[in-house]
Amino acid sequence: MNFQPRSQFSTTQRQLPFECIALLLQGGGALGAYQAGVYEALAEADIHPDWVAGISIGAINAAIIAGNAPESRVDRLREFWTQVTSTASGDWSGNPFLDWTRSDHARNLINQMSAGLALTCGASGFFSARPILPWLQTGGTSDATSFYNTAALKTTLERLVDFDRLNVGTTRFSAGAVNVRTGNFVYFDNTTHTIRPEHIMASGALPPGFPAVEIEGEHYWDGGLVSNTPLQWVIEWGAPQDTLAFQVDLWNARGQLPRNMAEVVTRHKEIQYSSRTRASTDQFKRVQRLRRALADLLGRLPDDLAGHDDVKLLSTAVSRNVYNIVHLIYRARNHEGHSKDYEFSRLSMQDHWRAGYHDALRTLRHPEVLARPSTPDGVFTFDLEHDGRE
């Protein structure tokens, strides 16, 4: 099938009862087309984020969004995902003589062929395989410390991202990475850094596949090694403000008990990279309830205690801000296995994009998603899989 824009959307910002609209994009390689589909649905609904934060492939999607005018973002995302995916393994689903490819078994076989092609050759405009011999070197070069070369990604980012626009800060941008030397998790943010392609590449430099990226004398790896989800950065380290956050996850923490070794590997990845998003949200809700209770308590203190140093210290922890955290979580299909994050076929990309688009549309049908929360802790969470009533 042809993969064309669904409609022309308005770039008028919808007025919502929040000071900040945040889009939070998890890492997950080839699954990242799901995030592009989510963004297309948000854009069609006139919901344009003030802050886009990402890890790994999420950082790439985030940079394309923040680094382009609203009316161009979906086209640029589509250009990226079309470039990095391949039809070499065959898009056979439209052939009436090959209906057998519709079965899970056949589709899994096609996906494994595509994943093998990516392992062998790489992905166009993204990464390419290195010769085997340099892996045996011991000199600490990028050739000796990674299986793939990511120089093509720098060229792709320079073509698809307007870095002047990104660094103006009209849309806040954040990308998480890990300092290889110290092990510290860091965020490259356009409020504190001048963002270049290297900052985005660093966020997605997952070892041992991709080489560490050097920035100002330090080397960085993929932020997913420490935390694959930028939720905490936005809701706890940003300026206190009423926030509507769309958390787009590519790995589902919940799943079935594995029945074979292939499913063990798949489930291992899902648990490792899901970053316990729901648990983090539950913890944040508990903290917000304490902050609100503290605000109420301090407000009832007599005047002679209001100026006490301990009270002043405690007052820095109070918060009456409200938060809507909307989870959009990709749910893998039966034919997808442990290679789904490096299976760069055009067919799967289109599936992922459509899934994100339709999940976002279904989520936005629930009016409480865009309404100011009235819960005691000031935090409302929505997960289509568990809270949707369709």
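Ile60 counts as buried, at 3% relative accessibility, where buried means under 20% relative accessible area, exposed over 50% and partly exposed in between, with a 1.4 Å probe and protein chains only. The model is a predicted one, in which local features need pLDDT of at least 70 and side-chain atom pairs count only at pLDDT 80 or more, whereas totals for chains, interfaces and linings use all residues. Residues are numbered from 1 along each chain as its sequence is written, and side-chain values use heavy atoms, with hydrogens and water left out.

Ile60 is placed in helix α2 (residues 57-66); helices (H or I, at least four residues) and strands (E, at least two) are DSSP runs, numbered from the N terminus. When residues up to four places away in sequence are not counted, Ile60 touches Phe80, Phe126, Leu153, Leu157 and Ile200, contact meaning heavy atoms within 4.5 Å. Thr150 lies in the loop between β5 (148-149) and α5 and, at 9% relative accessibility, counts as buried.

In the chain as a whole there are 14 helices and twelve strands. Buried residues make up 51% of the 390 residues, and of the contacts with a separation of 6 or more, 75% are accounted for by residues 24 or more positions apart.

Two helix pairs share α3. The axes of helix α3 (residues 73-84) and helix α5 (residues 151-160) come within 11 Å and cross at roughly 160 degrees, the axes being lines fitted to C-alpha atoms, for helices over the stretch in contact, with angles from 0 to 180 degrees between N-to-C directions. The two helices are therefore roughly antiparallel to each other, given that angles under 35 degrees count as roughly parallel, over 145 as roughly antiparallel, 65 to 115 as roughly perpendicular and the rest as oblique. The crossing of α3 and α5 is right-handed; a crossing is left-handed if the near helix is turned anticlockwise from the far one by less than a right angle, and right-handed if clockwise. On the α3 side the contact is made by Arg76, Glu79, Phe80 and Gln83, and on the α5 side by Leu153, Thr156, Arg159 and Leu160. These residues divide into three nonpolar, two polar and three charged, with Ala, Val, Leu, Ile, Met, Phe, Trp, Tyr, Cys and Pro counted as nonpolar, Asp, Glu, Lys and Arg as charged, and the others, Gly among them, as polar.

For helix α1 (residues 33-44) and α3, the axes come within 10 Å and cross at roughly 165 degrees, which makes α1 roughly antiparallel to α3. The crossing of α1 and α3 is left-handed. Ala33, Ala36, Tyr39 and Glu40 of α1 make this contact with Arg73, Val74, Leu77, Arg78 and Trp81 of α3, and the residues divide into six nonpolar, no polar and three charged.

An open sheet is formed by three strands in the order β3-β4-β5, with antiparallel pairing; two strands pair if DSSP finds at least two bridges between them. β3 (122-123) and β5 stand at the edges with a single partner strand each, so one side of each is left without a neighbour in the sheet. The antiparallel pairing of β3 with strand β4 (residues 127-129) runs over two bridges, and Ala123 has Phe127 of β4 as its bridge partner. Helix α4 (residues 104-121) packs on this sheet, touching β3, β4 and β5, and its direction makes about 80 degrees with that of β4.

Strands β6 (residues 172-179) and β7 (residues 185-189) run antiparallel and are joined by five bridges, with Tyr187 of β7 as the bridge partner of Gly176. They form a hairpin with five residues between them, and Gly183 in the turn has a positive phi of about 75 degrees.

Most residues other than glycine have a negative phi, and most peptide bonds are trans. Asp46, in the loop between α1 and β2 (51-55), has a positive phi near 60 degrees. Ser56, in the loop between β2 and α2, likewise has a positive phi near 60 degrees and counts as buried at 12% relative accessibility. Pro207 and Pro208 are joined by a cis peptide bond with omega of about -5 degrees, and Pro208 is placed in the loop between α7 (197-203) and β8 (213-215).
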